[in-house]
Structures are given as C-alpha cells and as structure tokens.
Amino acid sequence: MIKKLQHKFALSERGAKDLIQGIIACAVQNISFMFPVGLLYFFVNDLLNGGIKPEKIWFYIVGCIIALALIFAVTYWQYNSTFLATYVETGTRRITLAEKLRKIPLSFFGKKDLADLTSTIMADCTYLETAFSHFIPPFIGAMISTVVIAISLFFFDWRMAIASLWVLPVAFAIIGLSSKVQKSLNRKSMDAKMVCADGIQECIETIQDLKANNAEQSYMAGLDTKIDNVEKRSIINEFGTSTFVVSAGLVLKLGIATTALVGSILLVNGQLDVLTFFMFLLVVSRLYDPMQSALQNLAAIISTNTNVARMNEILDHDVQTGNTRLTNKGYDVKFKNVEFSYNNKDNVLKDVSFTAKQGEVTALIGPSGGGKTTVSRLAARFWDINKGKITVGGMDISKIEPETLLSLYSIVFQDVTLFNNTIMENIRLGKKDATDEEVLLAAKLANCDEFVSKLPNGYNTDIGENGCQLSGGERQRVSIARAFLKDAPIILLDEATASLDVENETLIQTALSKLIKNKTVIVIAHRMRTVAGADKIVVLSDGVVAEEGTAESLKKLNGIFVHMMNLQSESSNWKLN
Ligand SMILES: Nc1ncnc2c1ncn2[C@@H]1O[C@H](COP(=O)(O)OP(=O)(O)OP(=O)(O)O)[C@@H](O)[C@H]1O
C-alpha cells in the first residue's frame, strides 16, 4: 500500500505515510463537525419533551466545551499532518530529484530540454505541494467521512437515509466517468504550457542570434501563437472541468430537496417523528459541504497525474552505478571494439579501438562529426556504450561509480561552464578543499593573472551568470586553471586552447606541458600544430579509427591526416578579396 502510494504520487516512504495520516485526519475532522449536530439533536429532543431540566444544563455546557476542544485538537492534527508534512515532503522530493539527476546518464538530458527539467523540479514540486496540502487529503477525507456518516444515517431511518444519500453515488459517478476526459484535457493544456515555456527560454537564450539575423519579429509571431494556444487550452480545460464539477455539485444540492420532500411526506403520514426529520435536515445541510469544497479543486487534483508522471520519468530512470573502489593499475585508457549511439538507432561510433597510454599525449583528429568529442566523453563515462569495452588501467569503467571514476579525470571542455560566483570559487571547483594559495598558483599557471589584475576585486570579482563578464579566452583560462588545480592523472582536453590568441596559447601550451607530465592525455584538436607534439594521433572518421600512429607514420600513409594538413596550410594563406 505504502509502495503503491509512493509511486502513484511520487512520494518518499515518509511522505506516503504522512499522506495516509493526513487523509485520516481530514476524515476525522469532518466527522468531528457532526458532534455539535448530535448535541443539538439532544437539545431539541429535551425541548420537545418538556424543556431543559436544570441538572441537564451542565451536560450541554460540558458537551459544548468538549465539542470545541475536540474540533480544535482534530483541526490542529489535520493541519500538522497535511500542511507541515507536505512542506517537509516537498523539500525531500526536490533533494531526491536533484540526487537522481546527478546519477542519471547524460543520455537522458539529450532527450529532455532544460525548460522541461527546470519546470519539473520547481513548478511541478510547487504544484504538488499545494495539491497535497490543500486538495488531495481533504478530497479523499471528504469521501471517507461522507460514507461513514451516510452509513450511520441508516440506523435512524433507512427511507430518509436513501432520500438524502442517493445523490452521492450519482455525483461520484459523474466525477469518475469524467476523469478520463479531464485527464486528456489537462495533459493537452500542460503540453501547450511546456511548448510555450520552451519557446520563451529559447527566445531568451538565442536573442543575440535572432537580432543578428533580423529574425526577432517572425520568432515573436511564432511565440505569440504558442501563448495564444496556452490560453485556448486553459479555457477548454477549465470549461471541461467546471461542466463536470458544477453538474456533480448541483446533484449534491438536490439531496437537500429530496430529504425535505420525503421527510415532509413521511411526517404528514405520521411515519416519521419531527425530531428525526429535524436531525436529517441538520445533517444534510452539513453532509455535502466537504464534498462540495473538495470538488472545486477537482481539476487541480486530476492535473497532479500529469505532474507526477513527469516526476516519475526522472525518479524511475535507471542510474549509473558501480564500484567505489578503484583497482586500476596505471592509467592507460583503452577502447576495445566500442560501439555507441546517442539514440539507440544510428551508431555514431562503429568499432573504435585504440589505447591512450600513460605518459603520452594521444591526439584525436578527423573531420567534423567523426566522433572525437563523443570518444572523449565516453572515456569519462558520460554515457554508457552499447558494445565493446573501455578500461582505465585495466579496470572496466562501466563497473565504476561515475563520481569515483571522474576523480581520475581533469577535463577542459570546448564550451566552458562558469558559475555566478567569484573567479576564486570558479577555479576552486577543481578541488573543493584547495587553499587560496593553491587556487592562486593554479590560476597563475593558467595565465589568469594577466586579466584578473584588471578586474575591480581581482580574484574575488563576481563574473556573472556563466561568466558573462569574461571573454571567451578568459573563460577558457579559468577552466584550464581548474584542471591544474585538480591535477588528476588523466587529462581530457577538448580544443582547450581554441579561444586563445597566439601569445596566450603559447604561454598555456608551455604550462600544459608541465601539467601533463607522466599523465594520460587525450587531446582533441582541429589545429594541426596543436597535435604536432603528440606521441600518437588517432584519426576518427565516420565513427571508426581510420588512421593511427605518429605524425611521421601518418604522413607516409598519405591519407586523411595528410589531407587535413594540406587543407590547413592552404587555409593559412587564405585572404578576403
Ligand atoms: N548529444 C547528441 N545527441 C545526438 N547526436 C549527437 C550528440 N552529440 C553528437 N552527436 C552526433 O554524433 C556524431 C559525432 O559527433 P562528435 O561531436 O563526437 O563529433 P566531432 O568529431 O567531435 O565533431 P566536431 O569536430 O565538429 O566537434 C555527429 O554526427 C553528431 O551529430
């Protein structure tokens, strides 16, 4: 039961238990509101049978105090077990999602866009928080308390009970039958919202290119259509829900009319006493209230299905696991008959085998789209391969826990990611317990001093979101400083010096040559002079190793490597006419 609830509502074990408690508390709260009705019943009974006797006055005073205390205590319990418990659960849910995202293979992020994921972590969590505090426990609690009170009414008078309760199965049936339609309307509305959110995010991210291409107006027109569609879908969704909710609400109201009608007939015929009639009128005036107010939120309750489904897509996804103990002997990185595809259809790598030896620089070169970046990402287990084996010092990396494996790697990406923090902290990311002196030394080696000295607060200058206040070359130097600081035994350089001017490139190449001593270095390079000093060159073309060897041996082959060398020397003479 707990496990089922956990999956149905994307809850933790504690959250599922709290939900059950919240539902029980809501049902008990509704039933506790019947306590004053009972007192009133006895009170009227006494009035009809000759008035209140003095000794009974205390009974009613104490009864009122107990009723108030009971309602207060139950309401307090209900509040704690729905509201407070839900806030705790939302925190747990967000942490669980974040933890899960850390362990999910990157292939998942290739299929999902960022707006969708952000919306799941932020908006869906907030939505579920409101649903679990305000809507779901009161709704289910109202159903339970209504059934309990309904059953007890049969003990007083079965005819009156039927007259007041026939509306409940009809109202439940309307809601039950409509739920499929409502789910479909809701899903379409949510999809329209996601498309719109993606469009807005894309617009903000690409505003520079839109301006440069004079495409703002046509893009905005497309965005307007998406926004209009959200409005249209929301109206249809609300209209659909309100049709069913209002119908069910009206049916419930009919219950009061039939109770009064049947009661009057039975009373006139002498088959019902006034007191029972009065009691039924009192009960039905209160009986439908919890259901009525819960129905107002039916749309929100139904839409939780969509939110939960999106959340479960993350929570149920397979994670990359593995051993946290490293058993490697040395740091040779070996690819053996590796096959890989991003989409499980077209193989990007078909049969790649090569070894990047410790103490050597292995350069990956080849035409664009040949698979160089893919190979470097697979070496660090960013994705799991379809066939073959990748080993580090003889240890199969698919059996190593990803974070443990990454402790062996220093990586400098082509697209540097920086955080909205100081330069000092951005570099410290390479080794989180590094002292300021260690950070400054790494920064110096990466030639950061030159541009940092011009910043208002030096290394303590905030560099804005993704380092927007730095140039491309400066960003890359920060990234290289991180690699210096981490000083891991395997180094992946993806066009590490591509954004640097010739002077800086030379300085950093000298520093890099110190960093890479006795390490396994895999470098992706487009510029042929970057690979001139490599111990081994692996030419990747169309997902296979087309050529492999030293620069000298590849020159003799007169193949792709030579062709690329020739192209680059031609382009160095190229000029604008
Ligand atoms: N995340 C991804 N999802 C799907 N396909 C991808 C993804 N990344 C790369 N590819 C495809 O995989 C193939 C190899 O890409 P990869 O980036 O490894 O090539 P590359 O040799 O590094 O190219 P370049 O020199 O242009 O950077 C290309 O056909 C590319 O379209």
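This is a predicted model: local features need pLDDT of at least 70, side-chain atom pairs count only at pLDDT 80 or more; totals for chains, interfaces and linings use all residues.
Visitor: What makes the shell around the ligand polar, nonpolar or charged in its make-up?

Guide: The shell divides into 8 polar residues, 2 nonpolar and 1 charged. Of the 11 residues around the ligand, those that come nearest are Tyr 342, Ser 368, Lys 372, Thr 373 and Thr 374; in this grouping Tyr counts as nonpolar and Lys as charged. Helix α14, residues 372–379, gives the most to the shell, with 3 residues.

Visitor: How do you know that strand β1 pairs with strand β2?

Guide: Pairing asks for at least two bridges between the strands, and 5 bridges join β1 (residues 333–340) to β2 (residues 349–356), so the two are called paired, and they run antiparallel. One of the contacts sets Phe 335 against its bridge partner in β2, Phe 354.

Visitor: What makes β1 and β4 a pair?

Guide: The cut-off is again at least two bridges, and β1 and β4 (residues 387–392) are joined in the antiparallel sense over 5 bridges. Here Lys 336 has Lys 389 of β4 as its bridge partner.

Visitor: Why is helix α19 called largely enclosed?

Guide: A residue is buried if 20 or more other C-beta atoms lie within 10 Å of its own, and 13 of the 15 residues of α19 are buried, so the helix is largely enclosed by the rest of the structure.

How values were computed: Residues are numbered from 1 along each chain as its sequence is written. A residue is near a molecule or strand if its C-beta atom, placed from the backbone, lies within 6 Å of it. Helices (H or I, at least four residues) and strands (E, at least two) are DSSP runs, numbered from the N terminus. A residue is buried if 20 or more other C-beta atoms lie within 10 Å of its own, exposed if 12 or fewer, and partly exposed in between; C-beta atoms are placed from the backbone.
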